[in-house]
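Please open the model in a viewer and keep the selection tool at hand.

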Amino acid sequence: MERTWRWFGKHDKITLDMLRQIGVEGIVTALHDVPLGEVWTREKIHDLRDYIEQHGLRWSVVESLPVTETIKYGGADRDEQIEIYKQSMRNLAAEGIRTICYNFMPVLDWARTDLSHPNPNGTTNLYFSFAEFAYFDIHILKRKGAL
């Protein structure tokens, strides 16, 4: 078993050195700077993998390789986007990354309505409220046909 941790990239306030110090061995992360619908190049993957390895850790899991909306609803560029997704997967495999998670969530790749939901014991966690998301979808995104 490998102890892994979700890391949000080089600007995460939790550094890789901090994670290594608490016994983390593997990192769960993504290429947050690659625009949605573009190929994850071997160069970008390699650069982030090397950065993680320079800190004595391993890039163990990709979370997530985004699935575009047109793939989800079968839009006009669905086939092109599927090919881009497949190429990104091939590039990850070529760089030694074998575990890829994806979020097949509506509207946004990854959505939580509260990133610091308070618990009775003083801790916090991620939280999703369908009602709050519906409000966001209807009144902020103002998508046609929103929830």
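Select E83 and K86 to begin: the two form a salt bridge, with their closest N and O atoms 3.1 Å apart. The model is a predicted one, and every distance in this tour is computed from it. Both residues belong to helix α4 (residues 78-94), and because they are three residues apart there, about one helical turn separates them. Side chains of opposite charge can pair when their charged atoms come close.

Next, select R42, R49, D50, E53 and E95 together. Salt bridges that share partners join these five residues into one network. In the whole structure, a search finds twelve salt bridges.

**The overall view**

The protein has five helices and six strands. Followed from the N terminus, its elements run β-α-β-α-β-α-α-β-β-β-α. The C-alpha trace spans about 50 × 45 × 25 Å along its principal axes. Of the 147 residues in the protein, 33% are buried.

Select strand β2 (residues 26-29) and show its side chains, with G26 highlighted. G26 and V28 point one way from β2, while I27 and T29 point the other way, and all of them are buried. In a regular strand the side chains alternate between the two faces of the sheet.

In which sense do β1 and β2 pair? The two strands pair in the parallel sense, over three bridges. Across from G26 in β2 stands T4.

β2 and β3 run parallel and are joined by four bridges. Which residue of β3 is the bridge partner of G26? The partner is R58.

Within β3, select S60. S60 counts as buried because its relative accessibility is 4%, and buried means under 20%. The side chain of S60 is joined to that of E2 by a polar contact of 2.9 Å.

Move along β3 to E63 and select R6 with it. Their side chains meet in a salt bridge of 3.5 Å, N to O. This pair links distant parts of the chain, E63 being in strand β3 and R6 in strand β1, 57 residues apart. Both partners are partly exposed: E63 has a relative accessible area of 22%, and R6 has a relative accessibility of 21%.

**Helix α3**

Select helix α3 (residues 69-73) and pick out E69. E69 is partly exposed, with a relative accessible area of 26%. Which residue meets the side chain of E69 in a salt bridge? The partner is K72, at 2.9 Å from N to O. E69 and K72 both lie in helix α3, three residues apart, or about one turn of the helix.

**A nonpolar patch**

For the last stop, switch to a surface display and select W5, I14, M18 and I22. These four residues form a nonpolar patch on the surface, and together they have about 370 Å² of accessible area. Where in the chain is W5 found? W5 is in strand β1 (residues 4-6), the strand that pairs with β2. W5 is partly exposed, with a relative accessible area of 39%.

Technical notes. Residues numbered from 1 in each chain as written. Predicted model: local features only at pLDDT ≥ 70, side-chain atom pairs only at ≥ 80, totals over all residues. Heavy atoms only, no water. Patch = residues over 30% accessible without salt bridge, like charges linked within 9 Å, V, L, I, M, F, W, Y side chains within 5 Å. Areas by Shrake-Rupley, 256 points an atom, 1.4 Å probe, with all protein chains shown as cover. Buried < 20%, exposed > 50% of the residue type's maximum accessible area, 1.4 Å probe, protein only. Pairing = 2+ DSSP bridges. Polar contact = N/O pair within 3.5 Å; in protein donor to acceptor, adjacent residues only side chain to side chain.
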